[in-house]
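A guided account in running paragraphs is requested.

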Amino acid sequence: MDEKPAQAILTMPSSADREAIFSRVRGALAPLHERAPMPDYTTELAVLRQMMGNRDAFTIFSERLVRVNGIALTEIAALVARLREGKWLQGYCDPVLWPMLAPHFGADFTVETTYDRKRVDDYAFGITRAAGAIAETGTIILSDATTSRRLGALTPWVHVAVVERAKIYSDLPQAVAALGSDSNVIWVTGPSKTADVEGILIEGVHGPGVQIALVV
Amino acid sequence: MRFQQIDQFSAELKADTRAAVYDGSKKGHEKRTKLLYDEFPDPDRLRHIAGEVKQHVVENLDTYLPQVEAKLKANGVIVHWAATAEAANEAVLGIMRARGATKMVKAKTMVSEETELAHFLEKHGMEALETDLGEFIVQIDHDHPSHIVKPIIHKNRREIATSFEKNGLGAYNDDPQTITRRARNFLRHKYLEADVGLTGANFVSAESGRIVLVTNEGNSRFCLAATKCHIAMIGIEKIVPRDYDLGLFLNLLARSGTAQDLTVYTEFISGPKSPAQPDGPEEMHVIFVDNGRTEVLASECRDILRCIRCGACLNVCPVYRQASGHAYRSVYPGPVGAVLSPLLMKEKFPQKADLPKASSLCGACNEVCPVNIPIPDLLLRLRNRAKEENVPSPGTPPMGAWALLASQPTAWRASLFGGKVMNYLPTKLLPIPALRAWEAKRALPAWRGGEFRAWMKNRPKQS
Ligand code: SF4
């Protein structure tokens with residue numbers, strides 16, 4: 001086997017294929033007398049205005065979140081009660097959030113503010129900050145900048161996203177416009193799910209089986 | 001051969017499989033229609049616009065490809081180009097070797113199915129594990145996906161439970177919940193051990209170089225949270241011009257594909273992880289794959305490159321529902337596959353030139369397509385091409401006798417009479433092979449020929 005030094009491969013992907021593809025693309029398009037123009041349109045078309053009415057974004061967000069089997073809460077006490085009820089007593093919490101939440105959690109909880117990937121199965125819940133939410137679809141927005149650990153929001157059975165009420169966008173086009181410069185943004189719409197086996201809906205495939213938004 | 005290949009396959013299909021495919025695709029189609037028409041005032045308009053946007057991209061790839069390459073590089077992504085499947089696989093292997101990596105976790109990507117990446121890597125001593133539940137089951141079963149969105153639509157829970165048992169994933173249990181939990185527990189440790197995460201892309205924005213990935217299970221997110229190196233294998237046609245266009249396409253993709261308002265995980269990736277983020281890839285590669293796409297672009301079927309792989313045309317297709325995906329002998333089944341698969345064969349086109357004939361040209365695929373691809377027109381063009389290239393067409397009934405009847409009035413009248421006689425004959429007993437094959441599956445309708453001629457003759461003359 002010819003082992004090329006790492007540097008050579010990393011800096012010099014083959015340029016022969018690049019040239020071949022580019023010249024074939026140019027050749028394929030050359031015979032076209034005119035090219036299809038970009039249509040002028042507005043994404044307003046894809047917005048569910050009639051659903052919004054004049055209700056506020058938070059009301060719609062919680063309504064739509066329930067539709068995708070998510071849970072919207074506004075009180076920390078209610079969150080703690082939920083976790084206790086599900087016997088989810090051990091978990092991870094973003095260190096920035098913990099001072100605000102700690103007083104509400106009882107001694108029956110074990111909460112860590114560091115995440116150890118060697119112990120993925122130990123965390124029943126993970127609490128992280130969201131960058132915002134989308135009302136129309138009941139979506140929570142996570143970004144590299146706001147979410148303390150990608151794994152902390154993904155591997156526990158329960159994910160709690162702390163969302164600021166003022167950061168709820170009304171629809172997808174608005175949320176797209178707000179993507180910003182973060183190198184990773186992920187929209188999460190309800191718990192992880194599959195219907196691969198006989199079309200039967202099962203939640204909690206690789207990600208959380210319970211998705212909670214704590215709106216503050 | 002008595003039938004065309006696809007008919008033969010369909011005739012031999014197990015009743016179980018046919019029922020699973022039929023129900024699954026029908027349900028998918030009905031849910032989609034309800035969702036689109038309940039929620040949008042004018043869903044048809046959305047499709048038309050989305051189609052125009054993608055057609056614009058396809059016809060301007062010479063501008064968009066360099067643009068997207070520059071953006072990706074500016075975002076810190078290493079960009080590779082692969083003209084063939086082999087080149088794409090070699091590029092992945094090269095990246096893995098350079099990192100001393102041996103373990104890959106793979107999210108679902110159709111391009112890597114095209115290039116048979118997992119097999120290739122395994123041959124070279126690498127582990128390449130599929131993480132999408134359906135694809136994982138296909139992999140441990142040494143099977144092939146039969147639908148582009150629902151890979152195991154052809155399997156029932158009992159088959160899955162049996163193969164889990166065989167592969168050491170617990171004693172036989174065919175409860176879908178148990179199956180899913182077992183896969184969860186097995187796979188999560190695999191992600192964390194892996195060196196490289198491989199994904200495809202649903203869209204790439206030329207404006208920002210943002211790659212958009214959608215999954216419901218969260219497997220691609222897990223790949224990008226657990227591993228240190230991300231490789232995205234992307235067909236060169238996956239571009240949309242602007243971030244703005246994503247609002248439209250994401251709406252259409254989830255609704256058309258799985259009848260959801262939005263797929264559960266929609267991830268926007270514009271480079272390696274942020275420095276402050278502890279989890280995720282420090283290195284990111286994009287491999288743009290041609291593998292026949294530029295030939296499609298040069299053909300008169302370039303419209304098929306608009307496809308966003310939603311699977312709606314499979315779900316609605318009466319032929320797909322009866323024949324199931326494997327009948328198409330290709331990575332892409334159904335109407336989209338009937339166009340794309342023969343074209344991607346390049347000079348081996350004749351091997352799959354029968355696929356475009358597996359259609360009644362009913363047009364349902366065009367009506368549901370979120371990018372409004374005129375699939376029936378493209379099928380006709382490919383049938384024409386097969387004819388022009390003199391590709392033999394076994395199993396197609398010869399049309400010579402028909403041509404004779406239709407061009408000789410006397411012969412035609414005689415045949416009408418013959419048709420009437422058939423109503424009084426025990427057709428089941430006639431020794432005509434074609435008739436027997438037909439009657440084995442269905443009842444021959446009563447002959448009603450000649451009514452139009454009679455009407456035409458007797459109609460009142462217009463002054
Ligand atoms: S051809 Fe159209 S309907 Fe079929 S998979 Fe592609 S985008 Fe979907």
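A residue is called buried when its relative accessible area is under 20%, and exposed when that area is over 50%. The model discussed here is a predicted one. At 9% relative accessibility, Phe105(A) therefore counts as buried. Phe109(A) also has a relative accessibility of 9%, so this residue counts as buried.

These two residues lead to the aromatic rings. A pair of aromatic rings is described by the distance of the centres and the angle of the planes. Over all chains, the search of the whole structure finds 17 aromatic pairs. One of them is formed by Phe22(A) and Trp81(B), an edge-to-face pair with 4.9 Å from centre to centre and 85° between the planes. Because Phe22(A) belongs to helix H2 (residues 15-29) of chain A and Trp81(B) to strand E1 (residues 78-82) of chain B, this pair joins two chains. Both Phe22(A) and Trp81(B) are buried. Another pair consists of Phe105(A) and Phe109(A): their ring centres are 4.9 Å apart and their planes stand at 70°, so the pair is edge-to-face. Ring pairs also link Phe105(A) and Phe109(A) with Trp98(A) and Phe125(A) into a cluster.

Helix H11 (residues 219-226) of chain B is mostly covered, with 8 of its 8 residues buried. Among the buried residues of H11(B) are Arg221(B), Phe222(B), Cys223(B) and Leu224(B).

Rolling a probe the size of a water molecule over the atoms shows where empty space is left. In the whole structure, the search finds 6 cavities of 30 Å³ or more. The largest cavity has a volume of about 110 Å³. Its lining comprises 18 residues, and those nearest the centre are Cys317(B), Pro335(B), Ser359(B), Cys362(B) and Cys365(B). At least two residues of this lining come from each of four helices of chain B, namely H15 (318-323), H16 (334-344), H17 (364-368) and H18 (375-388). By class, the lining of the largest cavity contains 14 nonpolar and 4 polar residues, with no charged residue.

The second largest cavity has a volume of about 80 Å³. It is lined by 13 residues, of which Cys307(B), Cys310(B), Cys313(B), Cys369(B) and Pro370(B) lie nearest its centre. This lining divides into 11 nonpolar residues, 1 polar and 1 charged.

Where does the ligand sit? The ligand sits in the second largest cavity. It is surrounded by 13 residues, the closest being Cys307(B), Cys310(B), Gly311(B), Cys313(B) and Cys369(B). The shell around the ligand is made up of 11 nonpolar residues, 1 polar and 1 charged.

Finally, two residues of chain B deserve attention for their backbone angles. Glu116(B) is not a glycine, although its phi is positive at about 50°. This residue is located in the loop between helix H6 (110-115) and helix H7 (117-123) of chain B. Asn291(B), likewise a residue other than glycine, has a positive phi near 45°. The loop that holds Asn291(B) runs between strand E10 (283-289) and helix H13 (293-298) of chain B. Asn291(B) has a relative accessibility of 12% and therefore counts as buried.

Note on methods:
Residues numbered from 1 in each chain as written. Chains lettered and ligands numbered in written order. Predicted model: local features only at pLDDT ≥ 70, side-chain atom pairs only at ≥ 80, totals over all residues. Heavy atoms only, no water. Near = heavy atom within 4 Å. 1 Å grid on protein atoms, 1.4 Å probe; cavity = no way out; pocket = protein on both sides within 12 Å on 5 of 7 lines; lining within 4 Å. Sits in = over half its atoms within 2 Å of the grid points. Nonpolar A, V, L, I, M, F, W, Y, C, P; charged D, E, K, R; others polar. Points joined across faces, edges and corners; volume = space filled by probe spheres on them. Buried < 20%, exposed > 50% of the residue type's maximum accessible area, 1.4 Å probe, protein only. Phe/Tyr/Trp six-rings, centres within 6.5 Å; stacked < 30°, edge-to-face > 60°.
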